[in-house]
Amino acid sequence: LCPPVMSRRVVRQSKFRHVFGQPVKADQMYEDIRVSKVTCDSSFCAVNPKFVAIIVESGGGGAFIVLPLAKTGRVDKNHPLVTGHTAPVLDIDWCPHNDNVIASASEDTTVMVWQIPDYVPVRNITEPVVTLEGHSKRVSIISWHPTARNVLLSAGCDNLVILWNVGTGETLLVLDNMHTDLIYNVGWNRNGSLLVTTCKDKKVRIIDPRKQQIVAEKEKPHDGTRPIRAIFVADGKIFTTGFSKMSERQLGLWDLKNFEEPIALQEMDTSNGVLLPFYDADSSIVYLCGKGDSSIRYFEITDEAPYVHYLNTYSSKEPQRGMGFMPKRGLDVSKCEIARFFKLHERKCEPIVMTVPRKSDLFQDDLYPDTPGPEPALEADEWLSGKDADPILISLRDGYVPIKNRELKVVKKNILDNKPPPGPRRSHSVCDPDFSRPALEEVLEEIRALKETVQAQEKRISDLENKLCQFTNGTD
């Protein structure tokens, strides 16, 4: 007699099946932060291996706070802010090639780029390295180029996408007449040769920015009327989140070779928060965080059906106001950490650590393939002339040690050479024929010297405060 055949369900093998999320202990959170209440589908938070930056409430203008990653606990109510915008800040993004440089976009129609010192400044940072003016309405999206130095993208409510060279403060490209309505999000592919955008006109567009051409587009990838999000994932595929006609949240996976039909389309739930997708190319995992949700769902994307595999959900009690996502080089490889989120509450920021359980203490090669490092692969003009390059990869075998970044210097032609300042300022003595050039240079030189003195003294005060802290800690 044949033995009875036991029917059993085959469970898909994946090293990420048991990934679990854990909030940090209470003393490792950032407390007493007045997170911005602006209604905007931005993530409100940007993190890198050195700092966490959060858009905050501020009177008379727009501001964000930058905290050294290690400075956890209660944040001093007088902690300096980055304040330079005259209206709320809507989006912030750290430069992938310099951990001390961050860009901010604002309702005041400008984009500003800031140099953040390694020490905590004594006063608010009010002087950006460069202000980029080109939008006529509020700017809600900014994103750095993944591989070219100093290339920054901004998108505004004027339906324009502008590419800037931050090193010269000049516009590289303006993508107009491509979007007929409000742009919801913009994402680069891995080497920065293509963009994916979503728009209120319900289209997903794939754009070659240098040719200023739409190379593919999909109308209504999701039938619902609420905002769609799209990102590039491995092999040039597109991952989207949106809503069905019945207002159910959906995710979709699309292949550019056949943009008509989705490779995968899954319904999730009936919540109304827009799902923000965060993608880790090294593990092919997409994490979905809904604004106002209290959970993070994660999925693995593979080459076999059903292509988008649900892994698990991290759930908590409180809803998230926004979310930051740490680049791979900021993670603790000794603890098998594969992702870290920075969840914003109303008054605090809570890091959430995603870990793969492993018994061995040795470095796990399969979890940490070489990952993009901080070195850019191209200069801005090389990229503009048509060159492409993949990110320069680094090994995380010994963990990542942040390097001392070189300062962002903006090379600008002297604008006084070719045009008078705009508007009523013309009456100033600078334009007076009696006001000599050497005198102007002298004033500028004196200002520069004074600024340097102030910065040096601020650093000295900061060092002395740190010493004082050490003394007081020692006497406790």
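The UniProt record, an unreviewed entry, annotates residues 440-467 as a "coiled-coil region". Positions from UniProt are in the numbering used here, feature names are shortened, and annotations may be inferred rather than shown by experiment. What you're looking at is a predicted model, where local features need pLDDT of at least 70 and side-chain atom pairs count only at pLDDT 80 or more, while totals for chains, interfaces and linings use all residues. Residues are numbered from 1 along each chain as its sequence is written, and side-chain values use heavy atoms, with hydrogens and water left out.

So what does that annotated stretch look like? Residues 440-467 are 100% helix and 0% strand, with the end C-alpha atoms 41 Å apart. Helices (H or I, at least four residues) and strands (E, at least two) are DSSP runs, numbered from the N terminus. Isoleucine 447 sits in helix 2, which covers residues 437-475. Together with Val443 and Leu444, Ile447 makes a nonpolar patch on the surface, with about 240 Å² of accessible area in total. A patch here is made of residues with over 30% relative accessible area and no salt bridge, with nonpolar side chains (Val, Leu, Ile, Met, Phe, Trp, Tyr) joined within 5 Å and like charges within 9 Å. The areas come from the Shrake-Rupley method with a 1.4 Å probe, and for residues only the protein chains shown count as cover.

Residues 82-116 are 63% strand and 0% helix, and their end C-alpha atoms are 9 Å apart. For residues 176-217 the figures are 52% strand, 0% helix and 16 Å.

Next, charges. Side chains of opposite charge can pair when their charged atoms come close. The whole structure holds 20 salt bridges, each one a side-chain nitrogen of Lys or Arg within 4 Å of a carboxyl oxygen of Asp or Glu. Here are some of them:

| Salt bridge | N to O distance |
|---|---|
| Glutamate 217 and arginine 205 | 3.8 Å |
| Arginine 249 and aspartate 269 | 2.8 Å |
| Aspartate 365 and arginine 397 | 2.7 Å |

Take glutamate 217 and arginine 205, which meet in a salt bridge. Glutamate 217 is in strand 19 (residues 213-219) and arginine 205 in strand 18 (residues 203-208), so the pair ties together parts twelve residues apart in sequence. Glutamate 217 is partly exposed at 36% relative accessible area, whereas arginine 205 is buried at 2%. Arginine 249 and aspartate 269 are both buried, while aspartate 365 is partly exposed at 47% and arginine 397 is partly exposed at 44%.

Finally, the inside. The largest nonpolar core has 38 residues, and Ile33, Val52, Ile54, Phe64, Ile116 and Phe342 have the most contacts inside it. Strand 4 gives the most to this core, six residues. A nonpolar core is a set of buried Ala, Val, Leu, Ile, Met, Phe, Trp, Tyr and Cys residues joined through side-chain atoms within 4.5 Å. Isoleucine 116 touches residues including Phe51, Val66 and Trp94, not counting residues up to four places away in sequence; contact means heavy atoms within 4.5 Å.

How values were computed. Buried < 20%, exposed > 50% of the residue type's maximum accessible area, 1.4 Å probe, protein only.
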